[in-house]
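These are my notebook entries on a single model, made with the sequence and the coordinates side by side.

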Amino acid sequence: MKKELQYIFGPINSARIGKSLGIDVIPKKICSLDCIYCEVGITKSISTEIKPYFKPENILEEFRNIYPEVKDNIDAITITGSGEPTLNSYLKDILTGIRDIVKDEKEIAILTNTTTIDNKDVYKTLLDFDIVVPSLDAVTKTAFEKINKPAKEIDIKNIINHLITFSNEYTGKLYLEVLLAKNVNDQKEDIDTLISVIKKINYTRLDIGTITRPPSYSFATPLTDIELDEIKAYIASKGVSFIKDNTVDDNANNTVISYHNPSPVSNNNNKDVVIGKLIPILKMRPTTIDDMIKTLKIDKNTAQEVLAPFLQSGEVTTKEFNGILYYQHKVIKQV
Ligand code: SF4
């Protein structure tokens, strides 16, 4: 059986970044937030401490082996994690190592919850990425605490000030992401305060979304399509643009936009290879059979055959959310 990858996953597909190879640089759920909608499960180890986690040499060795296989099928490399990637103090070394391997052939992106942007080293390292995707779900202390359940030392005002400064200094593409949960951060005053901050951020693209997969906290509820569209229309009516750079394709076909719900893309029908790609994905987030069929380019029977032994052993379980059945690895913990 093909060895399961430890750090590399995908390729993943996103309207903003295109097809990219994902790199997980932080152990599972080491995060500064415990977002109620998190697809990776509850944060057991909430921390803002930046320290050595996964070593660059191990990540780069795996990347060096995989990259030649996939480079013709991807547009970019995305650094992310099943926690907050900027908490890994090796981030700069990892970025430099990847840049040495891919040269200028690919853009390198990072998805971050933004809470470490006030750290000088993180700030400087983020400036070196081609694409930064910061998430900002709420700007008032009350809403921030409700939706993101932050580590107690995080000061949202300070984070916002640094994000605004960063966005004006940064010369790459900044794709700002906001996630709304029903009756949590979607009230008029939440949206109005959010708009006032968004207007100060120099972003390339703004995405407003809602919960699409089983959340870590069962009370977290998505907005309906109509509710989301109404809020987007309201935001637009206040003079906020969703796309500020006409090189960004707003109509790009994608199944995945969010930092937290990447979608794997593969052409390989070999079952061992499918398992090697699928299990790391199921450990990162709940996935539907349709996702597997579309993105791994396999038929329904193959998907079911691949899943069967894992379902039988309990390593993979199912969960229904919004009338849709998801498969997830047992390492994802929800309440
Ligand atoms: S959604 Fe992202 S930032 Fe929020 S708890 Fe999960 S991993 Fe951390």
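**Entry 1**

I began with Pro11, which lies in strand β1 (residues 8-14). I take strands (E, at least two residues) and helices (H or I, at least four) as DSSP runs, numbered from the N terminus. The peptide bond from Gly10 to Pro11 is cis, and its omega is near 5°.

I note the basis of the entries here. The model is predicted: local features need pLDDT of at least 70, side-chain atom pairs count only at pLDDT 80 or more, and totals for chains, interfaces and linings use all residues. Residues are numbered from 1 along each chain as its sequence is written.

**Entry 2: positive phi**

I looked up Lys29 and found a phi near 55°, a positive value in a residue other than glycine. Lys29 sits in the loop between β2 (18-24) and β3 (30-31). Is Lys29 buried or exposed? Lys29 counts as buried because it has 22 C-beta neighbours inside 10 Å. The cut-offs I use are 20 or more other C-beta atoms within 10 Å for buried, 12 or fewer for exposed, and partly exposed in between, with C-beta atoms placed from the backbone.

Lys103 is not a glycine, yet its phi is positive at about 55°. Lys103 belongs to the loop between α2 and β6 (107-112). Lys103 is exposed, because 7 other C-beta atoms lie within 10 Å.

**Entry 3: the pair α1 and α2**

I then examined how helix α1 (residues 56-70) packs against helix α2 (residues 91-102): the angle is about 25° and the axes are 10 Å apart. Axes are lines fitted to C-alpha atoms, for helices over the stretch in contact, and angles run from 0 to 180 degrees between N-to-C directions. The two helices, α1 and α2, are therefore roughly parallel to each other. On the scale used, angles under 35 degrees are roughly parallel, over 145 roughly antiparallel, 65 to 115 roughly perpendicular and the rest oblique.

Which residues meet between α1 and α2? From α1 I list Pro56, Ile59, Leu60, Phe63, Arg64 and Tyr67, and from α2 Asp93, Ile94, Gly97, Ile98, Ile101 and Val102. Contact is taken as C-beta atoms, placed from the backbone, within 7 Å. By class, the contact of α1 with α2 holds nine nonpolar, one polar and two charged residues. Ala, Val, Leu, Ile, Met, Phe, Trp, Tyr, Cys and Pro count as nonpolar, Asp, Glu, Lys and Arg as charged, and the others, Gly among them, as polar.

Leu60, in helix α1, is buried because it has 20 other C-beta atoms within 10 Å.

Thr96 is in helix α2. Thr96 is partly exposed, because 14 other C-beta atoms lie within 10 Å. Thr96 and Ile79 are 17 residues apart along the chain, and their C-alpha atoms are separated by 12 Å.

**Entry 4: Asp137 and Asn185**

I located Asp137 in the loop between β7 (131-134) and α4 (141-148). Asp137 counts as buried because it has 25 C-beta neighbours inside 10 Å. Leaving out residues up to four places away in sequence, Asp137 touches Ile147, Asn148, Val178, Leu179 and Asn185.

Asn185 has its place in the loop between β8 (173-180) and α6 (188-198). Asn185 is buried, because 24 other C-beta atoms lie within 10 Å.

**Entry 5: the ligand**

How many residues surround the ligand? I count eleven, the closest being Cys31, Leu33, Cys35, Cys38 and Asn113. A residue is near a molecule if its C-beta atom, placed from the backbone, lies within 6 Å of it. The shell around the ligand divides into five nonpolar, four polar and two charged residues.

Key. Two residues are in contact if their C-beta atoms, placed from the backbone, lie within 7 Å.
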